Amino acid sequence: YTPEEIKINKFVEGTLLSPTDKEDVPLVIMIQGSGPTDRNGNQSFMKNDSFKKLAIALAEEGIASFRFDKRILQMRELGLKEEEIRFDDFITDASSVLDYSKQNPVFKKIIVLGHSQGSLIGMISAKDKADAFISIAGAAEPIDSLIIEQIGSQMPGLKQNVQESFKEIRETGSSKNYNPMLEMIFRPSVQPFILSWMKYDPQIEIAKLDIPVLLINGTNDLQIKEKEAEKLKQAQPNAKLVLLDKMNHVFRKIEGNALENSKSYNTAGLPLHPELAPVIVEFINTLK
């Protein structure tokens, strides 16, 4: 396989990884999860190379991929401020990759693969543009409902405050009455982004797709539980649902406890879950 650096526009730069035989190959466009995540699936203090490893595994099976850095990694260079970023910007970037890729006659099929936050971005951008869609650890609930549930299980005493803050954002566009412990979620500069994200319901969006859909979730995912994939399946009955035993949020098979699970987020040397790439390859190979 051969890597090629491609700049699609000022917001989108990434790596096209192509099999040596470039004729008539499927292309997987990879969209990462939340946070300042680069094309390889890494952040400043978190290196696991999840997307890089998956791209290589697919290339070895004759499948090309394009993975790209999120625009928030280059906010300073682009002159962007946090309060200016919207969820729709990520949809725009994914759509730009799709439009660019569709012009290349080498790719016989174009598949969008979205992970976590990228699942929602992917299913929206894939509509009317992609030949298939793959969701890995995608949420089925709007982001405010998901965060309320997560905070409720981790810090039950703050659940009511989170509910009230999200309700205020939905009704007025902002909230000031949040607990200081929730600053990372509700700081004023990020509230416009949260509001723009909240308007999308993954179950509604996935129901709009009339292309083959593969839903993947790990049974050892600390962030997104299997029930989210099952809800997406209910919303899109034609989708194929695969639950991978003991796979966590960064595509690793975790046999131990939560500490081992967390450590894997910053351990690039760990191999991918052994069934992840084969499940994706099988799905792609069955596309007509």
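These legends describe close-up views of a predicted model.

Local features need pLDDT of at least 70 and side-chain atom pairs count only at pLDDT 80 or more, while totals for chains, interfaces and linings use all residues. Residues are numbered from 1 along each chain as its sequence is written, and side-chain values use heavy atoms, with hydrogens and water left out.

**View 1. Helix H5 and its packing partners.**
Helix H5 covers residues 143-154. Helices (H or I, at least four residues) and strands (E, at least two) are DSSP runs, numbered from the N terminus. H5 has 12 residues and reaches 16 Å from its first C-alpha to its last. That is close to the 16 Å expected at 1.5 Å a residue; the expected span is 1.5 Å times one less than the number of residues. The buried residues of H5 are Ile 143, Asp 144, Leu 146, Ile 147, Ile 148, Ile 151 and Gly 152. Buried means under 20% relative accessible area, exposed over 50%, and partly exposed in between (1.4 Å probe, protein chains only). An α-helix has 3.6 residues a turn, so residues three or four places apart point the same way. The buried residues of H5 pack against helices H6 (159-172), H7 (183-186), H8 (191-198) and H10 (226-235).

**View 2. Asp 144 in helix H5.**
Asp 144 sits in helix H5. This residue counts as buried because its relative accessibility is 8%. Leaving aside neighbours within four places in sequence, Asp 144 is in contact with Phe 166, Arg 170 and Met 198. Contact means heavy atoms within 4.5 Å.

**View 3. The largest pocket.**
The largest pocket has a volume of about 1400 Å³. Of the 48 residues that line it, the closest to its centre are Ser 34, Gly 35, Gln 117, Trp 197 and Gln 223. Helices H1 (50-59), H4, H5, H7 and H8 are the elements that give two or more residues to this lining. H5 gives the most, with 6 residues. By class, the lining has 27 nonpolar, 17 polar and 4 charged residues. Ala, Val, Leu, Ile, Met, Phe, Trp, Tyr, Cys and Pro count as nonpolar, Asp, Glu, Lys and Arg as charged, and the others, Gly among them, as polar. On a 1 Å grid over the protein atoms alone, a pocket is an open set of points with protein on both sides within 12 Å along at least five of seven lines, a cavity is a set where a 1.4 Å probe fits but cannot get out, and lining residues have an atom within 4 Å of a point. Grid points are joined across faces, edges and corners, and a volume is the space filled by probe spheres set on the points.

**View 4. The second largest pocket.**
The second largest pocket has a volume of about 160 Å³. Leu 146, Glu 149, Gln 150, Ser 153, Gln 154, Leu 222, Gln 223, Ile 224, Lys 225, Lys 227 and Glu 228 line this pocket. H5 and H10 each supply at least two residues of the lining. The largest share, 5 residues, comes from H5. The lining divides by class into 3 nonpolar, 4 polar and 4 charged residues.

**View 5. Helix H4, an enclosed helix.**
Helix H4 spans residues 117-126. Since 10 of its 10 residues are buried, H4 is largely enclosed by the rest of the structure. The buried residues include Gln 117, Leu 120, Ile 121 and Met 123. Asp 128 follows H4, and its phi is positive, near 70°.

**View 6. The cavity.**
The structure holds 1 cavity of 30 Å³ or more. About 70 Å³ of space lies in the largest cavity. Its lining is formed by Ile 31, Gln 32, Phe 68, Lys 70, Arg 71, Phe 90, Asp 93 and Ile 121. These residues divide into 4 nonpolar, 1 polar and 3 charged.

**View 7. Asp 89 in helix H3.**
Asp 89 lies in helix H3, residues 87-102. A relative accessibility of 18% makes Asp 89 buried. Not counting residues up to four places away in sequence, Asp 89 touches Arg 71 and Glu 84.

**View 8. The S1-S2 hairpin.**
Strands S1 (residues 2-9) and S2 (residues 12-18) pair in the antiparallel sense over 7 bridges. Two strands pair if DSSP finds at least two bridges between them. A hairpin of 2 residues joins S1 to S2. Thr 2 has Ser 18 in S2 as its bridge partner.

**View 9. Asn 238 in a loop.**
Asn 238 is placed in the loop between H10 and strand S8 (240-244). Asn 238 is exposed, with a relative accessible area of 73%. The C-alpha atoms of Asn 238 and Asp 210 are separated by 9.0 Å, though the two are 28 residues apart along the chain.
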